[in-house]
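I am keeping these entries as I look things up in the structure.

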Amino acid sequence: MPSSLKQAAEPLRRLSLASGMNLLAYREEHVTERLSRALEREGLEDVDELARLLVADAAARDRFRQSVAMVVTGLFRDSEQFQLLERDLLPIVLGARRQLRVWSAGCADGSELYSVGIVLAQMGLLEKAVLLGSDLLSEKLAQAEQGVYGDVQLPGSLRARMRWEQRDLLHDSTPPGKWSVVLCRNVLIYLRPEAKRAVHERLSRALALGGVLLIGRSERISDPAAIGLELVGPQAYRRVA
């Protein structure tokens, strides 16, 4: 495989089509490492062989997509962020609103959105909430619909409040309407800076005025004011313009 992705732009475009992921939007070092692992795992010599395999073999395609996406999640992962949400952010967001609209952007297996749902249930707000989870990977959405995590089957009353849809944050429009809370945690960390900025801008536009965007613990938005946001807590940004 070429040492620079610039030398492999055309094969990578074919591989992007085969996998359904825009690999050129990801950081070069991340894609290079993921491709090397995929070639070794599948016993292949080059990117073109891998592209042909991904078109022909759905299981190989799923393995590759999950490898690139680097999905790591779990109920109440980074629990302090959910404490922040309950203690500080939701009271700010609610105000005089009658309905809370929460979008988990890049929801993976749904555990993040279910965690929010549990918080809302404890606060007596679940019945008035709209909860949407979206992800690029259809196989992850299928897991989310089941609501099973280890030995835990989440109750039907909670699962009934959730909606799931397939959506590519890099290319698709945001869901209709304005959102009170958008969570996009640890989804964009492997993207190139320009791709990350574009997604942050779209997420900001999806927020209602006064709505909150929550990103991952290791992430930051370099110039929030430029996209109408202000920092209101650790990795929490409110739309102000």
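Which residues is Leu 169 in contact with, leaving aside its neighbours within four places in sequence? I note first that this is a predicted model. I find Trp 103, Ala 105, Gly 106, Cys 184, Val 187, Leu 188, Val 199, Arg 202 and Leu 203 in contact with Leu 169.

I looked up where Leu 169 sits. Leu 169 is in the loop between strand 5 (162-166) and strand 6 (179-184). I took one C-alpha distance from Leu 169: 6.6 Å to Val 199, a residue 30 residues apart from Leu 169 along the chain.

Is Leu 169 buried or exposed? Its relative accessible area is 14%, so I log Leu 169 as buried, because buried means under 20%.

Entry on the cavity. I count 1 cavity of 30 Å³ or more. The volume I have for the largest cavity is about 50 Å³. Which residues line the largest cavity? I list Trp 103, Arg 167, Asp 168, Leu 169, Asp 172, Ser 173, Thr 174, Val 199, Arg 202 and Leu 203. Sorted by class, I get 4 nonpolar, 2 polar and 4 charged residues for the largest cavity.

Entry on a pocket. The second largest pocket holds about 180 Å³ of space. I read its lining as Pro 193, Lys 196, Arg 197, His 200, Arg 220, Ile 221, Ser 222, Asp 223, Ala 226 and Ile 227.

Entry on aromatic rings. How many aromatic pairs are there? I count 4 aromatic pairs. One of them is Phe 76 with Phe 82, edge-to-face, at 5.2 Å centre to centre and 70° between the planes. I checked the accessibility of both partners. Phe 82 is buried at 4% relative accessible area, whereas Phe 76 is partly exposed at 30%.

Why do I log Tyr 114 and Tyr 149 as edge-to-face? Their ring planes stand at 70°, with the centres 5.9 Å apart, so the pair gets that label; the cut-off for edge-to-face is over 60 degrees. This pair joins distant parts of the chain, with Tyr 114 in helix 6 (residues 111-122) and Tyr 149 in strand 3 (residues 148-149), 35 residues apart. Tyr 114 is buried at 0% relative accessibility, and Tyr 149 is buried at 14%. I also note that ring pairs connect Tyr 114, Tyr 149 and Trp 164 into a cluster.

I looked for a charge over a ring. Arg 101 lies over the face of Trp 179, 4.0 Å from the ring centre.

Entry on backbone angles. Ala 108 is not a glycine, yet I find a positive phi of about 55° there. Ala 108 belongs to the loop between strand 1 (100-105) and helix 6, and I log Ala 108 as buried at 8% relative accessibility. Asn 186, also not a glycine, has a positive phi of about 60°. Asn 186 is in the loop between strand 6 and helix 9. With a relative accessible area of 18%, Asn 186 counts as buried.

Conventions
Residues numbered from 1 in each chain as written. Predicted model: local features only at pLDDT ≥ 70, side-chain atom pairs only at ≥ 80, totals over all residues. Heavy atoms only, no water. Helix = DSSP H or I, 4+ residues; strand = E, 2+ residues; numbered from the N terminus. Buried < 20%, exposed > 50% of the residue type's maximum accessible area, 1.4 Å probe, protein only. Contact = heavy atoms within 4.5 Å. Phe/Tyr/Trp six-rings, centres within 6.5 Å; stacked < 30°, edge-to-face > 60°. Lys NZ or Arg CZ within 6 Å of the ring centre and 35° of its normal. 1 Å grid on protein atoms, 1.4 Å probe; cavity = no way out; pocket = protein on both sides within 12 Å on 5 of 7 lines; lining within 4 Å. Points joined across faces, edges and corners; volume = space filled by probe spheres on them. Nonpolar A, V, L, I, M, F, W, Y, C, P; charged D, E, K, R; others polar.
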